[in-house]
Amino acid sequence: MAQPDSKKIFFENLSGAGKAIAVLTSGGDAQGMNAAVRAVVRMGLYVGAKVYFIHEGYQGMVDGGENIREATWESVSSMLQVGGTVIGSARCKEFRTHEGRLKAAHNLVRHGITNLCVIGGDGSLTGANLFREEWSGLLGELVEQGLIEASAVQKYSALHIVGMVGSIDNDFCGTDMTIGTDSALHRIIEVVDAIMTTAQSHQRTFVLEVMGRHCGYLALVSALACGADWVLIPEMPPEDGWEEKMCQKLSATRSRGTRLNIIIVAEGALDMHGKPITSSFVKDLVVKCLGFDTRVTILGHVQRGGTPSAFDRILASRMGVEAVLALLETTANTPACVVSLYGNQSVRLPLMECVQMTQEVQKAMDEKRFEEAVKLRGRSFENNLKTYKLLAHRKPESELPTSNFNVAVLNVGAPAAGMNAAVRSAVRVGISEGHKMFAVSDGFEGFYKGQIKEFKWADVGGWTGQGGSLLGTKRTLPAKHVDKIAEQMRKHNINALLIIGGFEAFLSLLELLTARGKYDEFCVPMVMVPATVSNNVPGSDLSVGADTALNAITTTCDRIKQSASGTKRRVFIIETMGGYCGYLASVGGLAAGADAAYIYEEPFDIRDLQANVEHLTEKMKTSIQRGLVLRNENCNDNYTTDFIYQLYSEEGRGVFDCRKNVLGHMQQGGAPSPFDRNFGTKISAKAMQWISKKLVEAFRQGRVFANTEDSCCLLGMRRRALVFQPVVQLKEETDFVHRIPKEQWWLKLRPLMKILAKYKTSYDISDAGQLEHVVRNRPKESDASVAM
C-alpha cells in the first residue's frame, strides 16, 4: 500500500466527529491499562469523537446505567502512573449468554456507541469478536421487542472492535509484548535482587514461584534477567531424570564458590507426563538430594501490582492512539483487529487469527508437541529460550568445539546499565563456541596498557543484575595509541573484537577501520553493541541502558509531581541527560505525562516558550494542579534550565509557582531494568555468533584476515529486527558534530506527547499500522538465530 508523503492533520483527514467510542478493561488487570485508557480518551476527544468509559468491564456493559459514563479530558488526569485499572475490571458470566449480549447491545445503542476499544486477554477479545458478529442480529431482536426504533438498525448497523492486549503473562500470540508484562518483570526482578542478598549471606537456595498458569514467559525472562540456575516452564517440560541433572548443576555451581542458587518455577510447570511441578516439590527435592538450606517464595499478586514501568506506559500510550486510528479507518467489512508490537513497530493484526494461534499453542502443549508450542509462541519467546539454554547450562570441556580463536571484549564510553549483562553473555556464548575470551579493563586506555585478562565461565557469574561497568570503561579513543593497541593485539593473538558502548564506541570502530591500512592486527572481525543511556548511536533504534534511564526519569518525575499534591498549583522544570540527543526528554516526557519537552532536534524560540506558558496557565485555571516540563541538557545554549524556570515563574505568577530539578547522574546509576538485562544479553549473544561465523570465513592459511567493510559492523535494532550494518555505511547517517543520528524514529512519538497534553498539533500517520496477517513460526531442523 502506498504511504502518504506528507504529514496529515487529523481534523482534515480522519475526523471522529459524530462518532462515539467506548473503552473498557476486562479480565485480569495489568499495569499500564490506565495509560491505554488515558490515550484512547484523549486521542478520541482530540479527533472530535465522544468517548465513554464502561466501568467494570463486560459486567458494566450488561448492567448499563451509571457504568457507562461520558469521559472528559480531566477524568483521565493523574492516572498514567497508577497501577491496575481505575475503571474497574470484572469477569462476567452473563455476557457469555445471548441474553447478556442483548442487554449489552441495548445499552450501547442507547448511548450511540458503535466503536469499542477492549483492553484485556484472549478471552475478553474473543467475547468482543462474537459480540461484533452477532451485532446485526441483536439489533433485529431489540427492534422486535420494541426496545429500539427500526431506524436505529440502519444508523448503528455495524459494531467496530479494536483490541489491545493487557496481560502480565504475555501469553497472546501476534505481539512481542503485552501491556503489563514489563511491569510484572520489574516486580519479579526487584524481589529476586532483594532475595539474592539474603541468600548469599546464608548460602541458601531459593525457589521462586511466578505467575504463568499456561505461559512461561515471566519465568523464562526473569530467569534470563537474573541468571537463574534452573527454570521450569509449561512450554518445555524437563526430560525424565531432570531431578538428578538439576541437583548436579546446583552442586557444580556451589563447588565453584557460588554462595547461592536461584530456581524459578512457573505456576503451571509440568513434567513430560503432565504431572505438575510445584515449588514445594522442588524445595523438598533439593533438601533431600543435596541437603542445601532451601526456601520457597511465592510472588503471587505482587506481580500484578505497583506502578507501571516506563516501557508499559509508552507501549500503552502508543497502542491507545493506534487503536483510535484503527477505529477511525475501519469500515463495515474490516475484521476486528488487535493493535500489537512487533520489534519496535506498531502493527494491526486480525483479532481472531491471533486468538486462534494462541489456542493452537495450548492445543500443541496438551498434545505434547512442545517444540511446536514454543515456535507458535513467537520469535521473542523462542529466542529467549534459546539464549537461556546457551547461557545457563555449561557444556563439559569434552563437548566444547575447539576453535583456537581469541576474542576480546571491552566497554567504551560512559557506563550504562546492562553493560555487565552484555559482557556476561558474550563471554559465555564465546566459551560455548569454543573461543578463548579475553576481557579488557578500562576500555582502550586499558587496552594499550595491557590490562587484558582471560575470562572463564564462572568469572561473569552474578554480573547480570549489576549496574555500571564492572570491566571499567573510559571515553579514550584508540587513534592516539593505535600502535600500542596493535602490539597488545599481536601479543595476546586477538582474532576478533566485541565493543560494548555508546557514541565513543562507534567512533572507535571507525578509527580501527582506518588503522587497517597500516596495521594488519586490526584486519579481524569487529562488532559493536550499542550501550548508552543517551540512545544516540546511529544504526540502532534502541541502546542498552536507555530503558533503565527512562525508568529512573519516570519514577523521579512521579515523586516530584506527588510532592506538590495538596499544595497550590505548581510546575516542575526537569533537566535530563542525553547530550544533544532528545530521546530521554521526549520519551521520558511521554512516560511521565509531561506538558512539554525541549530538545535540540526540534528548534524552539521565545514564542514557543511563551505559547507553552500560556497553554499551561489555561490548563491550571481549569483543571490540572501540577505541570511537568522536561528539558534536554543541550537543547539550547541560551534557553537554559534556569532561564526557562525564571520565565515560567514570572509568566505564571498568580496562577502557579515553579520548581526546578536537574536529575544528573542518577539516570546512569542503579540496577539495570529487566528490559536492559534481556536486551543486553540477547544482542550480545547474537554479536558473538556473528563473530564465530566471520572468524571461520576469514581464516585463511593459518591466520585470520578480514579487511572487508562487512567485517566491521554495528549490531542495532532497526524497526522489526536486529541488523548488522557496516560502520562505514553509517557515516552518512550521522551528525558527528552533535553526536546524533540524522534521522531518529522516536521524533514521531513527540506529537503523541503534545496531543495527550492537549495541544493542537499535526500528526504523521504515514507510519500508522496497516492490517497484516499473523506470521506462523513452524519448527525448523536448525535455527541458531538469537534475534529479538
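This is a predicted model: local features need pLDDT of at least 70, side-chain atom pairs count only at pLDDT 80 or more; totals for chains, interfaces and linings use all residues.

How many cavities of 30 Å³ or more does the structure hold? There are three. The largest cavity has a volume of about 450 Å³. Its lining is made of 31 residues. To find the centre of this largest cavity, look for Phe311, Leu341, Gly343, Leu542 and Phe675, the lining residues that lie nearest to that point.

Which helices supply the lining of the largest cavity with at least two residues each? They are H7 (181-202), H8 (217-226), H11 (310-329), H14 (379-392), H19 (546-562), H20 (583-592) and H23 (674-698). H23 gives the largest share, with five residues. By class, 20 residues of this lining are nonpolar. Another six are polar, and five are charged.

Now move to the second largest cavity. About 50 Å³ of space lies in it. Its lining consists of Val165, Thr175, Met177, Thr178, Ile179, Leu315, Met319, Val339, Ser340 and Leu341. The largest share comes from S10, which provides three residues. The lining of the second largest cavity has seven nonpolar and three polar residues, and no charged ones.

Next come the helix pairs. Two packed helices are described by the angle between their axes and the distance between the axes. Each pair below is read in that way.

Take H19 and H20 to begin with. Their axes come within 9 Å and cross at roughly 50 degrees. That angle is why H19 counts as oblique to H20. The crossing of H19 past H20 is right-handed. On the H19 side, the contact is made by Ala546, Ala549, Leu550, Ile553, Thr554, Cys557 and Lys561. On the H20 side, Tyr583, Leu584, Val587, Gly588, Ala591 and Ala592 take part. Sorted by class, the residues of this contact are 10 nonpolar, two polar and one charged.

H11 is the next helix to follow. H2 passes H11 in a right-handed crossing. Which residues of H2 meet H11? They are Ala35, Ala36, Ala39, Val40, Met43 and Gly44. Facing them in H11 are Arg313, Ala316, Ser317, Gly320, Val321 and Val324. The contact of H2 with H11 has eight nonpolar residues, three polar ones and one charged one.

H11 also packs with H19. The axes of H11 and H19 come within 8 Å and cross at roughly 90 degrees. The two helices are therefore roughly perpendicular to each other. Ala310, Phe311, Arg313 and Ile314 in H11 meet Asp547, Leu550, Asn551, Thr554 and Asp558 in H19. In this contact, four residues are nonpolar, two are polar and three are charged.

Some residues tie these parts together. Phe311 is in the contact of H11 with H19, and Phe311 is also among the residues nearest the centre of the largest cavity. Arg313 of H11 meets H2, and Arg313 meets H19 as well. Leu550 and Thr554 of H19 are in the contact with H20, and both also meet H11. Leu341 lines the second largest cavity, and Leu341 lies among the residues nearest the centre of the largest one.

Notes. Residues are numbered from 1 along each chain as its sequence is written. Side-chain values use heavy atoms; hydrogens and water are left out. On a 1 Å grid over the protein atoms alone, a cavity is a set of points where a 1.4 Å probe fits but cannot get out, and a pocket is an open set with protein on both sides within 12 Å along at least five of seven lines; lining residues have an atom within 4 Å of a point. Grid points are joined across faces, edges and corners, and a volume is the space filled by probe spheres set on the points. Helices (H or I, at least four residues) and strands (E, at least two) are DSSP runs, numbered from the N terminus. Ala, Val, Leu, Ile, Met, Phe, Trp, Tyr, Cys and Pro count as nonpolar, Asp, Glu, Lys and Arg as charged, and the others, Gly among them, as polar. Axes are lines fitted to C-alpha atoms, for helices over the stretch in contact, and angles run from 0 to 180 degrees between N-to-C directions. Angles under 35 degrees count as roughly parallel, over 145 as roughly antiparallel, 65 to 115 as roughly perpendicular and the rest as oblique. A crossing is left-handed if the near helix is turned anticlockwise from the far one by less than a right angle, and right-handed if clockwise. Contact means heavy atoms within 4.5 Å.
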